[in-house]
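Reader: Could you walk me through the features of this model, one at a time? I would like the general idea and then the case at hand.

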Amino acid sequence: MKIKKIIAAVAAAAMALSMSVVNAFAIDLDAEYPGAWAASKSIPKSEFDAIGGDVKVVLTVETKAPLIGDGNFLAKPMNIDVSWDAVTDRLTSDTAIAKTDGFFVFDATQATNTVEFVVPADLIAEFGDNGLAFQVSDVIIKSAELSAGTPEGEIRRVTEDQSALIMQGQSYEEATGAAAPAEEAPAEEAPAADDGAATTPAATGNTSAAVMVSVMALAGVAAVATKKRK
């Protein structure tokens, strides 16, 4: 009987654990560069439906040196069965950076970048079977990890010039001149400790309030002491 109870308890714990774990899985996308301004392999709608609701996507992206020029290290999310128009405005992310035309921007000084964003359920409902794909330039989208998501902040946008600086390794704050978090002002130094010497009253002849209070306090102590001695 004890063994049966133990087995039942273990099974119940395993079931509870499986129910608490958020579904998350990775999908392989492009092994090779699909070509300049071409479409990547897509994340099928069925993969989003398997998660349900809003879905968080984390892309692993490799940068690729261009044959000529400085390169444009970009990827634009698209509802591929509908059009090649960017759907960036429909996404949310606390960390992603995109140009005003909807292309995510990647740092070319890093061989591998990641970008994360949340796809809302109402956009997923509009997907065709092929789901979400990306128009790419000088990057290879290697894989996508999907998990349950919740809305994040509005995606930060940059201009063409600012995106070029980010591709060269600058941070968003450096490229845009955005104010960094203010540093706390250094604490003021405390006045130097008194060395015990008497303080000379000001030339006006007025005694400071602090000195007067001290004198009155001492006088009161002396009076009490005198009464006790009597």
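Author: Let us start with a charge and a ring: the charged end of R156 sits over the ring of Y172, 4.7 Å from its centre. A charge counts as over a ring if NZ of Lys or CZ of Arg is within 6 Å of the ring centre and within 35 degrees of the ring normal. Before we go on, note that this is a predicted model, where local features need pLDDT of at least 70, side-chain atom pairs count only at pLDDT 80 or more, and totals for chains, interfaces and linings use all residues. Residues are numbered from 1 along each chain as its sequence is written, and side-chain values use heavy atoms, with hydrogens and water left out.

Reader: How many helices and strands does the chain have?

Author: Helices (H or I, at least four residues) and strands (E, at least two) are DSSP runs, numbered from the N terminus. Here the chain has 6 helices and 9 strands.

Reader: How should I read a pair of aromatic rings?

Author: A pair of aromatic rings is described by the distance of the centres and the angle of the planes. Rings of Phe, Tyr and Trp (its six-membered ring) pair if their centres lie within 6.5 Å; planes under 30 degrees apart count as stacked, over 60 as edge-to-face and the rest as tilted. Searching the whole structure gives 4 aromatic pairs.

Reader: Are W37 and F103 buried or exposed?

Author: Buried means under 20% relative accessible area, exposed over 50%, and partly exposed in between (1.4 Å probe, protein chains only). W37 is partly exposed because its relative accessibility is 39%, while F103, with a relative accessible area of 8%, is buried. Across the chain, 30% of the 230 residues count as buried.

Reader: Which residues touch the most other members of the largest nonpolar core?

Author: A nonpolar core is a set of buried Ala, Val, Leu, Ile, Met, Phe, Trp, Tyr and Cys residues joined through side-chain atoms within 4.5 Å. The largest one here has 40 residues, and F48, V57 and V119 touch the most other members. For contacts in general, the rule is heavy atoms within 4.5 Å. Leaving out residues up to four places away in sequence, the contacts of V57 include I43, F48, F117, V119 and L146.

Reader: Which strands pair with β3?

Author: Two strands pair if DSSP finds at least two bridges between them. β3 pairs with β5 in the antiparallel sense over 2 bridges, and A75 stands opposite F104 in β5. β3 also pairs with strand β7 (residues 132-137) in the antiparallel sense, over 6 bridges; there, M78 stands opposite A133.

Reader: How many residues of β3 and of β7 are buried?

Author: In β3 (residues 74-79), 6 of its 6 residues are buried, with L74, K76 and M78 on one side and A75, P77 and N79 on the other. In β7, 6 of its 6 residues are buried too. L132, F134 and V136 point one way from β7, and A133, Q135 and S137 the other way.

Reader: What does V136 touch?

Author: V136 is in strand β7 and counts as buried because its relative accessibility is 1%. Not counting residues up to four places away in sequence, V136 touches Y33, P34, G35, A36, W37, A38, S40, L74, A75 and I141. V136 and F103 are 33 residues apart in sequence, with 8.6 Å from C-alpha to C-alpha.

Reader: And where does S40 lie?

Author: S40 lies in the loop between β1 and α2 and, at 8% relative accessibility, counts as buried. Leaving aside neighbours within four places in sequence, S40 is in contact with residues including D30, A133, F134 and V136. The C-alpha atoms of S40 and A133 are separated by 5.8 Å, although these residues are 93 apart along the chain.
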